Amino acid sequence: MADAVLRAEGISVRFGGVVALDKVSISIKRQTIHGLIGPNGAGKTTLFNVASGFIRPDAGDVFLGDDRITARAPHQRCDLGIGRTFQNIRLFASLSVIDNILVGMHCRGRAGTLDVLVGTRRSREESTLARAECRRLLELTGLHGLEDVRASSLPYGSQRRVEIARALATKPRVLLLDEPSAGMNLQEKNILRDFIRRLTQDFDLTALVIEHNMKLVMSLCDPIMVLDHGQMICEGSPDDVQADPRVIEAYLGKESEKVGSRA
Amino acid sequence: MTSKRWQATALAAAGLLGVPLVVGNPYILHVGIFLLMYVALSSSLNIVLGLAGQPSLAHATFLGVGAYAAALAALRLHWPYWVNLGFGGVTAALLGLIVGLPSVRVRGHHLAIVTIGFAQIVRLIEINWDRLTSGPMGLPGIPTATIASRPFGRIGFYYLFLLIAGATLFVVNRISRSRIGRALAAVRDDEMAAEALGVDTRYYKVYAFVISTFWAGVCGAAYAHYMTFVSPDSFTQADSTTILCMVILGGSGTLFGPVIGASVLALAPELLRFASGYRYMLVGLVMVVAVIARQSGFDRLWKRTAAMLGRLLPFGLRGRLHRNG
């Protein structure tokens, strides 16, 4: 597909005897918010790890735009424009909020050891610009005023926002969000939904979201992909997915009525 | 840096510069020289241990490598001491690069053991490669450093080590507050997240080892020219452990923590000389008490003490860097 920002073709991953992903292909179109759902152990996070480079697939290839990035290390993929957050928040616990976000700016910085030791104009200007950019991101994510707070001391919901701000600081083309609403209350979830929508529009960003909260997924994402036992069993609009018998059987089976009534 | 901090730093620097002018006692100067050496060693270990979070139990080995490199360069090649300072640093950094490479794959305690193994190998080379190192006999007769063809003397070496300690602290300070320092902190706190955010974790781990061991090597070269003698017994596992203790005791990852740790552990044996045979037992006791006090709120303890002392002391114990544990 020509306008696909991120593509994966025929991805297979085995852990010992377990097939975590079985010939999975995805194609993420620009400026869309893709949802990725499926029961626990379906392989959602594994697919994220393949896309961001933490797991080398046993078969298949990953493309960013037209570039094959299957062999690239995670930090190189970040340079190229893949940003991600983690299911279990992974902030740098000893760093302040702004330092966490500044780490995200790392790959866009160029100052080397000599710049740093001598304190060249380049390194000073770079650092000033980076800080200004971080403030803007803090503003955007509603974290202003919390610059110097130690990240690990923030409440859960705010930590999630720091993680997203940190990923945005890398200036990604594709943002992979692994259960961004976990641990958030209803109000926070709504804010998050509007925020992700605004991001894709304002920043020419494409998002792939793993999410367990059906209401959020159905109202935020289109299309939605469903993984089950390492296989992509369905892809389509929220309505299609909810109507698909395979999905109902594999995932929504017990809860189909409930989801149906909510939608 | 705030102007207050500048003032404090300038004051401390002036004080340290003035020491040899006031103190004539060679024994006290000698203790001062070793103290400054340990400040440089613990601060350089702090780069790899505190900033990057990678354990190294071989720091004295790099001191030894720098010392042997300088000794051999002086004895065999007749290089002047100031060239040897750089040579010792570079040689140690090259070995630091080799030790840093396993850190790409090996983590935590396992890496600590790798560094111990490396220390053993280097020690065995020092002992057994007779033709190069003269084995256990060591290398005597290393020419002392001179300035305008006059020997340095204790005062000269005091200033040399002051320069090295200051340079090491300067490097730690600058790096830790830069994008490089944040990358190292990211590696220390969470390698996976660091990678995901574009930090080349392999590069920065090796980087930390190289910078850290470079300064240990420079120290070693200065040590060789000061003592005019090096032998395998001068750079043991126990010395590496002592330096490690200095960093942890003072607070790894902080700027001034290792300085405090080095001061306590380098001065304690001297101050406890009156206890003769019980001296090192007491040093051990000091360490145990200090670590327990630290664990259970050294900061609060310090704040209370600092409040009591008013603002007499220029530096906070915590330093300005991020605490690691």
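**Note on a predicted two-chain model**

1. Helix 11 and helix 12 of chain B are oblique to each other. The angle behind this is about 125°, and the axes of helix 11 (residues 237–250) and helix 12 (residues 257–271) of chain B are 7 Å apart. The crossing of helix 11 and helix 12 of chain B is right-handed. Please bear in mind that the model is predicted.

2. Which residues make this contact between helix 11 and helix 12 of chain B? Helix 11 of chain B contributes Thr242(B), Cys245(B), Met246(B), Val247(B), Leu249(B) and Gly250(B). From helix 12 of chain B come Gly257(B), Pro258(B), Val259(B), Ile260(B), Gly261(B), Ala262(B), Val264(B) and Leu265(B). Sorted by class, the contact of helix 11 with helix 12 of chain B holds ten nonpolar and four polar residues, and no charged residues.

3. Helix 2 (residues 26–51) of chain B crosses helix 7 of chain B at roughly 20°, and their axes come within 9 Å. Since angles under 35 degrees count as roughly parallel, helix 2 of chain B is roughly parallel to helix 7 of chain B. The crossing of helix 2 of chain B with helix 7 of chain B is left-handed. In the contact of these two helices of chain B there are 18 nonpolar residues, seven polar and one charged.

4. On the interface between the chains: 27 residues of chain A are in contact with 23 residues of chain B. On the chain B side, helix 7 (153–176), helix 8 (179–189) and helix 9 (191–196) of chain B each supply at least two residues. Which helix of chain B gives the most to the side that touches chain A? Helix 8 of chain B does, with seven residues. The side of chain B that touches chain A comprises eleven nonpolar, four polar and eight charged residues. For the complex, the predictor gives an ipTM of 0.88 and a pTM of 0.87.

5. In chain A, the domain assignment gives domain 1 (30–57 + 67–81 + 172–263) and domain 2 (95–169). The C-alpha centres of domain 1 and domain 2 of chain A are 27 Å apart. Their contact involves eight residues of domain 1 and six residues of domain 2 of chain A. The side of domain 1 of chain A that touches domain 2 of chain A has five nonpolar residues, one polar and two charged.

6. Asp222(A) and Pro223(A) are joined by a cis peptide bond, with omega about 0°. Pro223(A) sits in the loop between helix 8 (214–220) and strand 9 (224–228) of chain A. Lys171(A), which is not a glycine, has a positive phi of about 55°. The loop that holds Lys171(A) runs between helix 6 (156–169) and strand 7 (174–178) of chain A.

7. On confidence in chain B: the mean pLDDT is 87, and 90% of the residues of chain B reach 70 or more. Where in chain B is confidence lowest, and where highest? Confidence is lowest in helix 14 (residues 298–308) of chain B, with a mean of 62, and highest in helix 10 (residues 201–227) of chain B, at 96. Over residues 316–325 of chain B, pLDDT stays under 50. For that stretch of chain B the model has 31 contacts beyond four places in sequence.

Technical notes. Residues are numbered from 1 along each chain as its sequence is written. Chains are lettered from A and ligands numbered from 1 in the order in which they are written. This is a predicted model: local features need pLDDT of at least 70, side-chain atom pairs count only at pLDDT 80 or more; totals for chains, interfaces and linings use all residues. Domain bounds come from an automatic or database domain assignment. Two residues are in contact if their C-beta atoms, placed from the backbone, lie within 7 Å. Ala, Val, Leu, Ile, Met, Phe, Trp, Tyr, Cys and Pro count as nonpolar, Asp, Glu, Lys and Arg as charged, and the others, Gly among them, as polar. Axes are lines fitted to C-alpha atoms, for helices over the stretch in contact, and angles run from 0 to 180 degrees between N-to-C directions. Helices (H or I, at least four residues) and strands (E, at least two) are DSSP runs, numbered from the N terminus. Angles under 35 degrees count as roughly parallel, over 145 as roughly antiparallel, 65 to 115 as roughly perpendicular and the rest as oblique. A crossing is left-handed if the near helix is turned anticlockwise from the far one by less than a right angle, and right-handed if clockwise. pLDDT is the predictor's confidence in each residue, from 0 to 100.
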